[in-house]
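Thanks for coming. Please have a look at the sequence and the structure, and then I will go through a few side chains.

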Amino acid sequence: QPPSKATLFSPSSLVAVFELRARHVVERAGLRLQDIIASGVSISDAWNRSGVLLNRACFAHCELVAVRTFHRSTQTIAADTPSTEGMTRIMTKLNSLFALSML
């Protein structure tokens, strides 16, 4: 059965999506770089030719760090100050909105 809407948009699920995305983009960039180098091109030319994919890998990793840090900070606030349940709920929704806006 497919995951529920609440599960799909939960911060931990979104962090997992960003982890998978970053892993995929980094792997793709690395394989492309290896293929170009294996074809006999110099390393500097290989870097230049795979620059777009390497740039995407950098952005994917930075976005993962932002989403993961936002999620951990929200959890820390919830654990440290249980009286801020309303703020925690708002921050969780803001985290989801932030993550979804970057996909």
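A patch, as I use the word, is built from residues with over 30% relative accessible area and no salt bridge, where like charges are joined within 9 Å and nonpolar side chains (Val, Leu, Ile, Met, Phe, Trp, Tyr) within 5 Å. The areas come from the Shrake-Rupley method with a 1.4 Å probe, and for residues only the protein chains shown count as cover.

Some ground rules. This is a predicted model, in which local features need pLDDT of at least 70 and side-chain atom pairs count only at pLDDT 80 or more, while totals for chains, interfaces and linings use all residues. Residues are numbered from 1 along each chain as its sequence is written, and side-chain values use heavy atoms, with hydrogens and water left out.

Now the surface. L8, F9, V17, L100 and L103 make a nonpolar patch of about 410 Å². F9 sits in the loop between α1 (5-8) and α2 (11-38); helices here are DSSP runs of H or I with at least four residues, strands are runs of E with at least two, and both are numbered from the N terminus. With a relative accessible area of 35%, F9 is partly exposed, because that term covers what lies between buried, under 20%, and exposed, over 50% (1.4 Å probe, protein chains only).

Next, the charges. How many salt bridges does a search of the whole structure find? It finds two, a salt bridge being a side-chain nitrogen of Lys or Arg within 4 Å of a carboxyl oxygen of Asp or Glu.

One joins R68 and E19, at 3.0 Å from N to O. R68 is in helix α4 and E19 in helix α2, 49 residues apart, so distant parts of the chain are linked. R68 is partly exposed at 23%, and E19 is partly exposed at 27%.

The other joins R21 and E63, at 2.7 Å from N to O. This pair also links distant parts of the chain, with R21 in helix α2 and E63 in helix α4, 42 residues apart.

Last, the rings. The whole structure has one aromatic pair. The ring centres of F70 and F98 are 5.9 Å apart and the planes are at 40 degrees, so the pair is tilted. Rings of Phe, Tyr and Trp (its six-membered ring) pair if their centres lie within 6.5 Å; planes under 30 degrees apart count as stacked, over 60 as edge-to-face, and the rest as tilted. F70 counts as buried at 18%, and F98 as partly exposed at 30%.
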